[in-house]
Amino acid sequence: MIIYSFPYAAGSSYIFNDFKSLIKDYHQVISIDYPGHGKRFCEELLCSIEEIAADAIRHISFEKEYALLGYSMGTMVVLELLRTIVDRRLPLPVNVYLCALEPPIGDDGQISGEGASKDEVLKALRQLNGTPEEFFDNEELIDLILPIVRKDFLAAMVVLELLRTIVDRRLPL
């Protein structure tokens with residue numbers, strides 16, 4: 001079986017390297033880089049989960065059994081992929097793994113995205129507790145990665161607003 005894995009905001013396929021090593025004797029893991037991330041760094045960043053999922057679906061082979069694994073923002077991508085797969089009547093995954101959906105929310109309850117200051121975005125990254133401290137000491141790296149983080153947080157914000165609406169109105173998923 002192939003497990004297609006989708007990383008967190010501003011992450012890349014490299015985060016799944018240890019996971020690949022652990023299960024290589026049992027399953028093939030194909031980690032997806034979003035445009036503007038990892039191996040696809042030079043491509044244009046996308047602004048919505050729908051766009052990211054539309055890009056990602058092109059990397060899935062529906063001829064073999066497969067599973068989907070989303071980590072944090074990757075869970076949103078996987079949920080959108082599932083909607084698209086069902087809408088297109090494509091073969092469903094054998095399993096779906098949704099891990100660590102933690103929104104990038106600041107002290108004021110707002111998600112740090114496109115309009116947030118550099119300091120607000122960096123504070124949100126620190127609160128998520130997944131970024132090495134050395135990153136915050138490197139201004140050049142921050143300036144390089146900040147546009148990616150902003151776009152990913154913005155894409156996540158749209159999905160979280162939809163989820164809040166579903167919960168607030170008790171709409172069926």
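Two strands pair if DSSP finds at least two bridges between them, and strands are DSSP runs (E, at least two residues), helices likewise (H or I, at least four), numbered from the N terminus. With that in hand, welcome to this predicted model, where local features need pLDDT of at least 70, side-chain atom pairs count only at pLDDT 80 or more, and totals for chains, interfaces and linings use all residues. Residues are numbered from 1 along each chain as its sequence is written, and side-chain values use heavy atoms, with hydrogens and water left out.

Let us start with the sheet. It is open and parallel, with four strands in the order β2-β1-β3-β4. Because β2 and β4 each have a single partner strand, one side of each is left without a neighbour in the sheet. Further in, β1 and β3 share five parallel bridges, and Ser5 has Leu69 of β3 as its bridge partner.

| Strand | Residues |
|---|---|
| β1 | 2-6 |
| β2 | 28-31 |
| β3 | 66-71 |
| β4 | 95-99 |

Next comes α3, which is mostly covered: 11 of its 15 residues are buried, meaning under 20% relative accessible area (1.4 Å probe, protein chains only). Among them are Met73, Glu80 and Ile85. After α3 comes Arg89, with a positive phi near 55 degrees.

Key. Buried means under 20% relative accessible area, exposed over 50%, partly exposed in between (1.4 Å probe, protein chains only).
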